[in-house]
Amino acid sequence: MARKAFKVFTAKMDIDEDLRRIALQEERLQFDHFDSATAWDLGKRLKEIAEARHFAIVIDIQLLELPLFYLALPGTTPDNPDWVRRKRNIVRRFFRSSYAIGLMVKQQKINLEALDPHDYAPHGGSFPILLPGTGCIGTITVSGLPQREDHCLVVETVANFLGRDIADIALA
């Protein structure tokens, strides 16, 4: 019984640490400006990384509700665009990364029962486009990897794109 309690305690600590790090990611990975050229350059960078790593993912970058970059790489399925839409809806609703919201649901810090699961997926892979003093103006979303990897791919690419070191806040 003590082993099970320790496992639950350790899992809660891991989720708390992930939530702390994701909040710092969202704080540090803000753009000075964001337009269609930024979306194109960021989308191309995501594409290059995905191809180099042989990832079959869908990439979607939107400013407000305007699609600025979209690509489905070979190996993706018709389900991936729907996952993108549902994860993106979580960010649009809460202005937080979809992975953070999913972890909060897991910890029962937030309840999504009122939201239709056909339209909302609290799974990793969608990250808010944030501007200092403005807030969330869009989303960067990928789908095709396990949710934690989707999240980490977006964060790694945005950090690299912005020239920011996130070694201290990367998820373990």
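Author: What follows is a set of questions and answers about this model.

Author: This is a predicted model, in which local features need pLDDT of at least 70 and side-chain atom pairs count only at pLDDT 80 or more, while totals for chains, interfaces and linings use all residues. Residues are numbered from 1 along each chain as its sequence is written, and side-chain values use heavy atoms, with hydrogens and water left out.

Reader: How many disulfides are there?
Author: A disulfide is a pair of cysteine sulfur atoms within 2.5 Å. The sulfur of Cys136 has its closest cysteine sulfur in Cys152, and because these lie 19 Å apart, they are too far from each other for a bond. By this rule the count of disulfides is zero.

Reader: Is Cys152 buried, partly exposed or exposed?
Author: Buried means under 20% relative accessible area, exposed means over 50%, and partly exposed lies in between (1.4 Å probe, protein chains only). The relative accessibility of Cys152 is 26%. Cys152 therefore counts as partly exposed.

Reader: What distance separates the end C-alpha atoms of helix H2?
Author: Helices (H or I, at least four residues) and strands (E, at least two) are DSSP runs, numbered from the N terminus, and the expected span of a helix is 1.5 Å times one less than its number of residues. Helix H2 (residues 36-52) has 17 residues, so it should span 24 Å. The distance between its end C-alpha atoms agrees with this, at 24 Å.

Reader: Why are the buried residues of H2 on the same side, and what arc do they cover?
Author: The buried residues of H2 are Thr38, Ala39, Leu42, Gly43, Leu46, Ile49 and Ala50. An α-helix has 3.6 residues a turn, so residues three or four places apart point the same way. The arc, which is that of the directions from the helix axis to the C-beta atoms, puts these residues on the same side of H2 because it is only 125°.

Reader: Which exposed residues does the other face of H2 carry?
Author: The buried residues of H2 are covered by elements that include strand S1 (58-63), strand S2 (66-72), strand S4 (135-143) and helix H5 (147-162). On the face turned away from that buried side, the exposed residues are Glu48 and Ala52.

Reader: Which residues of the largest nonpolar core touch the most other members?
Author: A nonpolar core is a set of buried Ala, Val, Leu, Ile, Met, Phe, Trp, Tyr and Cys residues joined through side-chain atoms within 4.5 Å. The largest one has 28 residues, and the elements giving two or more residues to this core are H2, S1, S2, strand S3 (126-131), S4 and H5. The members that touch the most others are Phe31, Phe34, Ile57, Ile61 and Ile140.

Reader: Which side chain is joined to that of Asp150 by a polar contact?
Author: Asp150 is found in helix H5 and is buried, with a relative accessible area of 1%. A polar contact is a pair of N or O atoms within 3.5 Å; within protein, one must be able to donate a hydrogen and the other to accept it, and residues adjacent in sequence count only if both atoms are side-chain atoms. At 2.9 Å, the side chain in polar contact with that of Asp150 belongs to Lys87.

Methods:
Contact means heavy atoms within 4.5 Å.
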